[in-house]
Amino acid sequence: MKPIEIVFYVLTGITLLSAITVVTARNPIHSVLALIATFFCLSGHYILMNAQFLAAVNIIVYAGAIMVLFLFTIMFLNLRREDEESKTNLTKMAAVVVGGILMVTMLLVFRAVQLPAVNEGNFDARTGLVEQLGIMLYSDYLLPFELASVLLLVAMVGAVMLGKREAGDRHF
Amino acid sequence: MNASYLPSDYLPVLIQLGLALGFIITTMIVTHSIGPKRKSQKKDDPFECGIPVEGDARTPISIKYFLIAILFVLFDVEVIFLYPWAVNFKGLGVTGFIEMVLFMGLLLAGFYYIIRKGVLKWE
Amino acid sequence: MDLTIFIVKSIIILAVFGISLLIATYSTYVERKVAAFMQDRIGPDRAGPWGLLQPIADAGKMFFKEDFIPAQASKWLFILGPALAMLTALMSSAVIPFGDSIRFDNYDIPVQGIEINIGVLYIFGVVSLGVYGIMVGGWASNNKFSLLGAIRAASQNISYEVALGLSIIAILMMSGSLSVRAIVEQQAEAGFLGWNVFTQPLGFIIFLTCAFAECNRTPFDLPECETELVGGYHTEYSSMKLGFYLFAEYINMFVSSAFISSLYFGGYHYPFMEQISNALTNSLGAVTGHNVATAIGTAAFFGKIFFFIFFFMWVRWTVPRFRYDQLMNLGWKILIPLSVLNIIVSASGLLFNGMKYASWLIVIVATVLAIMSNSRAPKGQVSPQRS
């Protein structure tokens, strides 16, 4: 085996392990920490594919920002063991059905996708670097980029609406 | 300056990670094993300036902190979008600048709305 | 990667690791000496000559203290908290260029852990993870003071991270690269007046403020505000776990000093570097001369770092702590709009005139406005928030 393959398999092993921990951990905080570890391993995969900018963005946005939000919510929402037990058999069944359908869809998608063959002649190792990515983003994908700002705006308004203060809120 | 930028550039970071982990784990084990250990009911209680412990520490907190966290996520994404633009700033020229002003204008409108709504007001 | 390069890189990383630990250790000593000097005291002087062994005595004391875990705490998370804080602090120094390059045989190896395309983002990634150590530790303690300290610290860190990210966009527009080495070299090319502190004064002030907030240093040390929160997020911690939290703060201070020096003060560049380097290569030969020049550059870089570490301490004993609403207002309502304005003005300057110094415009206008509003307002009402 080539060294890069060893790195790949070790990384994949850790990724799967931490992803399974996310689902199986009893304590939601452990779940979040395992999810952060998973994002780290995914960034490792991005680096192996030389998508360096994506790797950094994955860590900054997902591991550094969204997971902080998750942790805030879980830590400070006062989750207790007693609430854990309130899941009925019906919710469990529904969860299994939804999860199963999602998995089937994913499997079908993966089977339908044809990966384009790599042409080693005009393959550029620098495709995933920030310079190339920027040029693509601000010329070919300009409309999605501008629409992203509308999306962010809507999210902002939504957050403000949902987080409106009510009388009797504690504030410290 | 590095001309190629390949994944192998990141190899030395593994060494740093190993060093840091080794240092932390060793220190933790050493300090745990050589210190004295005396347990008592009062000592194991959370510190509350000597007053008997009242309730649990893990109570719900003000919604403000969640709002700050949500806004942080949104603005973080905006900042990330600025990086590829800044790196290609000279190449993209005036068109790129106008595109970015449009993008930031929409977000600043949202920012203005947030300030007007008093989300960032602390008392 | 070539094995020789890999070994040299490993040695560099080992050296940087050791140096950052050493500097962090002695920063505690220097901080007490500086505090003593500013308050007209003597400071530590018992352990060794001039108290030089004080940090080692402190470390020894911390090791032999009881490693105490409260009964109601979540044990593993309680241990994980300080470990995470220390890990993120130790990982951040990898992308900082400490010098030009070492030459031997056919090799030309930069004095830097890793030279990557996204160096600036690497640091931001690590910085954004720093908040976990505090949050996990503060929550795991199951203590009200710790929890409040942790929430405050987390909110403060994430608020200032946005302004931190925005403030350096203007630098990236000039360098056209995210590599820290490229940014340093771009400043070196333009000479002494091309240092980013001269082209981006506003960006520098914003960045410096945010760096203070990210390190939880005074005037932004609300998470461990003694008068309100006992010890803040590390109230329940003892022995080396507490040591890790304090130590991580000093390592962060070292790394942010290094980062400020390389982004805004030309890194390992110093005035007349070209001439000195040429003179050295002429007199000592291409290889030795280059290596000596690199060593001088590294020394200059460390000089800048030490100045900024001193600056951190100077501010700590000069400026009083902010109130929490003032801190949040400064971060969201002043620094973020200012840094956006800075980006737009700098970008327009660069586009329409090739002018690098457009950012001065905002500084001058802001100063004039501040003086005018100050002279107009009656005495005693100058800034009602501060009362």
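Of the 172 residues of chain A, 23% count as buried. Keep in mind throughout that this is a predicted model.

I'll stay with chain A for a moment. There are 7 helices and 0 strands in chain A, and reading along the sequence gives the pattern α-α-α-α-α-α-α.

Now chain B. The UniProt entry, which is unreviewed, carries the annotation "transmembrane region" for residues 13–34, 65–86 and 92–115 of chain B. What does the model show over two of those spans? Residues 65–86 of chain B are 100% helix and 0% strand, with the end C-alpha atoms 31 Å apart. Residues 92–115 of chain B are likewise 100% helix and 0% strand, and there the end C-alpha atoms lie 32 Å apart.

Next, where chain B meets chain C. How many residues does each chain put into the contact? Chain B supplies 54 residues and chain C supplies 61 residues. On the chain B side, the elements giving two or more residues are α1 (11–34), α3 (63–87) and α4 (89–116). The most comes from α1(B), with 15 residues. Sorted by class, the side of chain B that touches chain C has 38 nonpolar, 8 polar and 8 charged residues.

Last, a pair of helices within chain C. Two packed helices are described by the angle between their axes and the distance between the axes. For helix α12 (residues 273–284) and helix α13 (residues 286–316) of chain C, the axes come within 7 Å and cross at roughly 145°. The crossing of α12(C) past α13(C) is right-handed.

Which residues make this contact? From α12(C), they are C:M273, C:I276, C:S277, C:L280, C:T281, C:S283 and C:L284. From α13(C), the list is C:A286, C:T288, C:G289, C:H290, C:V292, C:A293, C:I296 and C:G297. By class, the contact of α12(C) with α13(C) has 8 nonpolar and 7 polar residues, and no charged ones.

To go back over the main points: chain A has 7 helices and 0 strands, α1(B) gives the most to the side of chain B that touches chain C, and α12(C) and α13(C) make a right-handed crossing.

Technical notes: Residues are numbered from 1 along each chain as its sequence is written. Chains are lettered from A and ligands numbered from 1 in the order in which they are written. This is a predicted model: local features need pLDDT of at least 70, side-chain atom pairs count only at pLDDT 80 or more; totals for chains, interfaces and linings use all residues. UniProt positions are given in the numbering used here, feature names are shortened, and annotations may be inferred rather than shown by experiment. Helices (H or I, at least four residues) and strands (E, at least two) are DSSP runs, numbered from the N terminus. Two residues are in contact if their C-beta atoms, placed from the backbone, lie within 7 Å. Ala, Val, Leu, Ile, Met, Phe, Trp, Tyr, Cys and Pro count as nonpolar, Asp, Glu, Lys and Arg as charged, and the others, Gly among them, as polar. Axes are lines fitted to C-alpha atoms, for helices over the stretch in contact, and angles run from 0 to 180 degrees between N-to-C directions. A crossing is left-handed if the near helix is turned anticlockwise from the far one by less than a right angle, and right-handed if clockwise. A residue is buried if 20 or more other C-beta atoms lie within 10 Å of its own, exposed if 12 or fewer, and partly exposed in between; C-beta atoms are placed from the backbone.
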